[in-house]
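Colleague: I have not looked at this one before. Can you walk me through it?
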Amino acid sequence: MVKQKWGDRLGTGFIWAIPLTITAIFLWIIGDVFWHGLGQINWQFLFTAPIDAGRSGGIAPILVSTAWILLICMGVSLPLGIGTAVLLVEFSDIKTGFGQLIRRSLDTLAGVPSIVFGLFGNALFVKVFGLGFSILSGGLTLACMVLPLLIRSTEEGLRAVPQSYRLGAASLGISQTKTLWHLILPAAMPGFVAGFVLGIGRAIAETAALIFTSGYVDRMPSSWLDSGRSLSIHIYDLAMNISNGNANAYGTATVLITLLLMINALTSWIGATWTNHHFKF
Amino acid sequence: MTTFHPKNTIHPTAIRTENLSLSYDQKIAFQDISLPIPAQKITAIVGPSGSGKSSFLTCLNRLTDLTQQCRVSGKVYLAGKNIFDPKIDVIALRRRVGMLFQQPNPFPFSIYKNLVFPLKEHGITDRSHVEYLIEESLTAVGLWDEVKDRLKSSALRLSGGQQQRLCLARTLVLKPEVILMDEPCSALDPISTGVIEDLIKDLGDRHTIVIVTHNLAQAKRISHQTALFWSQKNVGHLIEVAPTQDFFQHPVNPLTQAYVTGLKG
Amino acid sequence: MHLNPDLILLWLVRGLGTISAILVLLILLFLFKEAFPVLREVGIGAFFFDAVWQPTKGKFNLLPMILGTLWTTLGAMILATPLGILSAIFCQFYAPDFLAKLYRRLLELLAGIPSVVYGFWGLLVLVPMINRIQPPGASVLAGILILTLMILPTIALIADASFAKVPTSYLTGSQALGISQWGMVWGVAVPAAKSGLMTAGILATGRALGETMAVLMVCGNVVKTPTGLFDPVRTLTANIALEMAYALGDHRSALFVSGLMLMVVVIGLIAVAEWVVAEGKNYG
Ligand SMILES: Nc1ncnc2c1ncn2[C@@H]1O[C@H](COP(=O)(O)OP(=O)(O)OP(=O)(O)O)[C@@H](O)[C@H]1O
Ligand SMILES: [Mg+2]
């Protein structure tokens, strides 16, 4: 064993201190939210409408709006994402200019700030399409935002399917469409599910892209064209604009973080169960 | 530069390649291969690793279409038609020219569905006919008795040898004229190898078979014609093709002589 | 006519792929379309040289906000880059396997916490703490600290992945030479992972520049060029989020100009990141 020098020992100490600090801060944030928030949560909080701008009452319409926004977001981005991933992986378009172009623009899309997505959604969906501040506008904006994530994950799923399946099917004279539908897509299911879950996680955490696309209204939405307030906007509004809103903001944050932790657990579970290719038909 | 033996021409040919070349990106895998493949006989392709044997095989059913950056030039005639003609129906072609791979590659389905899947895709859906075909093909590969009670269980749970026979059955169920085999035994134990070898020999009476093998003894045992591929300056060439007996007993090309006596390769 | 289903599928996915591909162009197009009226009217110079930011009165000085974004981002990068890289070094070279795994999971969780929650925590915990040192509390410093927390996981995870790609032969080789752990990490692993580390920094910069909610909630949002760490500040993103709801005409247009600025900088950063990756491949 080489004798440790002073600098070495100091470095080691420093390197252990950083993760400890970060872990402590993480626990602080989560702990703070749960500590203040858990007490707020009961059936009434989850199933009644906000009263007095959210100072009291619950979050039922906000949960419903959030669910609708997520549904529209995933409903639009899934077909787009899967189609694009299939193009990139299954058709030899990757090395061509077109494939490169798609990849490049997706890389850029992944880096676009969420507030810019908000501006874009406001200009296109709210104004040009005339959808106004609505759940539909918000969902469509988020669909653009989660698309790169979804495509990346779907691509990985497709690439994990053994090439021998494709060769085997082709050598039996099975068309590419049928191969894809009956063989490749089912085998790539873990990738889709992972992408789906990641996408929902990203979308549910989003605030800035929604403020001026889905809007603020905290009533129960009666259609997709109604404005609807998401959980994250509710937290923001209670914390920043409503005096004495903190208690319910904590409650809402607890709900949001719990949902995210559940999504996270689901992702790891999918990763763990499906990596060994344990699919049956 | 290929050495042909005159006896070759007496058989009717099923497939004939003409100046066939293939390259990946910059790399030329093989060049100018003109090889007649006799109908309802077994042709063995031997040669050192990297000489383009597998690449050659994948030209014969246009599996090359699936590989990016793969360029083919020259012609492959099957029943008088060039299969690289853009008007050719590739699906129909691949139904006539089946293929067996080095690694058994059953689909992640049940045994039953592995066989039904290709049938259904080619429009054979009549239930009793399907069941007849399945029993027939599984019997042909000697698997029927082993699996008839568990047709619905996953094909992935079969042993390697069983999986390879299932893959052969899956090819046979479509009643192809030609079967391409790329080292079909090299991933198997000696017993399974023996079983598959016997099957191939059997099938050779009714099918045109092209088999790539590293096992010279196997080529000698089962094939009627043998072709030697060799990589020269990193490009594969067809060195010699002859009826198997002549190939091993009276090789003409010095490379072949060295190869069959185990001096080279 | 008999249509080949494979061909239909090909054109279908090409269509979907095209939509995905043109999204970025659409974003740029619409930002530009909305920004154009005011750009035509006052020119780009007004956004830097006007006296003040009073968009309803035709005064468009964005400089305080640009500087606000710059200072908070810069500060966060100065803190988060070393901490992130050291975190990755911890995972790769110091921690036992299970701890490294655990810490990675934690970083992933940290990356997944919504920015509004960071902002909320910052508003209720961090800002009062800073307020005790020097009022008002909502300040450049608060923004820097929150941003540091938010981009640290990005840096750490990308850096961790690029350390993992350093061939083990490099590392065992230097161990055989009797080089200390510390020397091995800094002399061998860090240079070998250089392009990955740079990518991590660039992508994190992009995230910090674009972050909205958290900085909006902890920075105080006063439109004034900050002179110290304890001064409140408003970033470009916070400005958009605050004013977009009621902005009309040139005001709205001016907000799109700031969005366009962000977008251009982010595209530039991504281009640089791609270049770094390509260089790394050539010489790595
Ligand atoms: N998909 C591919 N892309 C690029 N080069 C390839 C590809 N497939 C094969 N090659 C190259 O083409 C040459 C011929 O390969 P091929 O697999 O046909 O040889 P082989 O005779 O079958 O060898 P083996 O006996 O090892 O199976 C080799 O140099 C190989 O590296
Ligand atoms: Mg081969």
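Colleague: How much area do chain A and chain C bury between them, and what share of it is on carbon and sulfur atoms?
Modeller: This is a predicted model. In it, chain A and chain C bury about 6,400 Å² between them, and 80% of that is on carbon and sulfur atoms.

Colleague: How many residues of each chain are in contact there?
Modeller: On the chain A side there are 73 residues, and they are in contact with 73 residues of chain C.

Colleague: How many salt bridges are counted between chain A and chain C?
Modeller: The count is 1 salt bridge. The side chains of A:R104 and C:E274 form a salt bridge, at 3.1 Å from N to O.

Colleague: And which element of chain A gives the largest share of the side that touches chain C?
Modeller: Helix α1 of chain A, residues 6-37, with 17 residues. By class, that side of chain A has 50 nonpolar, 17 polar and 6 charged residues.

Colleague: Where are the most contacts among the pairs of chains that touch?
Modeller: Between chains A and C; 2 pairs of chains touch. Chain B and chain C have no contact, and their closest C-alpha atoms lie 11 Å apart.

Colleague: On to chain B and chain A, then. How much do they bury between them?
Modeller: About 2,100 Å², with 68% of it on carbon and sulfur atoms. In chain B, the residues that lose the most area to chain A are B:Q68, B:P108 and B:E121, together 26% of what that side buries.

Colleague: How many residues does the contact take from each chain?
Modeller: It takes 23 residues from chain B and 20 residues from chain A.

Colleague: Which side chains meet in a salt bridge there?
Modeller: B:E121 and A:K178, at 3.2 Å from N to O. The count between chain B and chain A is 1 salt bridge. The side of chain B that touches chain A divides into 13 nonpolar, 7 polar and 3 charged residues.

Colleague: Which sense does its pairing with strand β5 of chain B take, parallel or antiparallel?
Modeller: Parallel, over 4 bridges; in that pairing B:A44 has B:I211 as its bridge partner. Strand β9 of chain B, residues 178-182, also runs parallel to β10(B), joined by 5 bridges. There, B:L180 stands opposite B:V210.

Note on methods: Residues numbered from 1 in each chain as written. Chains lettered and ligands numbered in written order. Predicted model: local features only at pLDDT ≥ 70, side-chain atom pairs only at ≥ 80, totals over all residues. Heavy atoms only, no water. Contact = heavy atoms within 4.5 Å. Buried area = accessible area lost by both parts, 1.4 Å probe. Salt bridge = Lys/Arg side-chain N within 4 Å of Asp/Glu carboxyl O. Helix = DSSP H or I, 4+ residues; strand = E, 2+ residues; numbered from the N terminus. Nonpolar A, V, L, I, M, F, W, Y, C, P; charged D, E, K, R; others polar. Pairing = 2+ DSSP bridges.
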